[in-house]
Amino acid sequence: MFLPRLAGRTLLPTQRLLFTNKSARAFLSTETKKAIEGAIESAPVVLFMKGTPEFPKCGFSRATIGILGYEGIDPNKFKAFNVLDDAELREGIKEFTQWPTIPQLFVNKEFIGGCDVIVSMSKSGELTSVFEEADVLVPKDQLD
């Protein structure tokens, strides 16, 4: 089970914000769920975004990629998935995490949150701690 973080706190299932727009809710297919789980397991840091890291297609995805670069994520431990290439993935990831927006960041298979959470965690220093604990930063001896 993935527990999202919000402003530095892990939310328990009973504390999660529930988005109950039933008309927009679809049922996640087994195939899409397996594809999402496979994507999440494909690298220690996984980002579902609009566009690619080189060419983000929205400001929130661009901001998140900028923060990951600023934090020093090791490119060998990072993988991004463009949700604009697959409508089922785009809607499926939202249902999978019960988080309504994209981008969505995972670290070691744990859902961290969207752009707003990433910005907040970066400002507080918590994101650096998460990345250090996960050992996903470029080693200091390789900087420069």
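Leaving aside neighbours within four places in sequence, which residues is Phe-131 in contact with?

**Entry 1, ground rules.** I am working from a predicted model, in which local features need pLDDT of at least 70 and side-chain atom pairs count only at pLDDT 80 or more, while totals for chains, interfaces and linings use all residues. Residues are numbered from 1 along each chain as its sequence is written, and side-chain values use heavy atoms, with hydrogens and water left out.

Taking contact as heavy atoms within 4.5 Å, I looked up Phe-131 and found Leu-68, Glu-71, Ile-73, Leu-105, Val-107, Val-136 and Leu-137.

**Entry 4, aromatic rings.** I applied the ring rule (centres of Phe, Tyr or six-membered Trp rings within 6.5 Å; planes under 30 degrees apart stacked, over 60 edge-to-face, the rest tilted) and the count came to four aromatic pairs. Phe-48 and Phe-81 have ring centres 5.5 Å apart and planes at 25°, so this pair is stacked. The pair links distant parts of the chain, since Phe-48 lies in strand E3 and Phe-81 in strand E4 (residues 78-82), 33 residues apart. Phe-48 is buried at 0% relative accessible area, and Phe-81, at 19%, also counts as buried. Phe-106 and Phe-111 form a tilted pair, 5.3 Å centre to centre with 45° between the planes; Phe-106 is buried at 1% and Phe-111 at 0%. Ring pairs link Phe-48, Phe-81, Trp-99, Phe-106 and Phe-111 into a cluster.

For helix H4 (residues 115-124) and helix H5 (residues 126-134) I noted a packing angle of about 90° and axes 4 Å apart, the axes being lines fitted to C-alpha atoms over the stretch in contact, with angles from 0 to 180 degrees between N-to-C directions. The two helices are therefore roughly perpendicular, a label that covers 65 to 115 degrees. Ile-118, Met-121, Ser-122 and Ser-124 of H4 meet Glu-126, Leu-127 and Val-130 of H5.

How values were computed. Angles under 35 degrees count as roughly parallel, over 145 as roughly antiparallel, 65 to 115 as roughly perpendicular and the rest as oblique. Buried means under 20% relative accessible area, exposed over 50%, partly exposed in between (1.4 Å probe, protein chains only).
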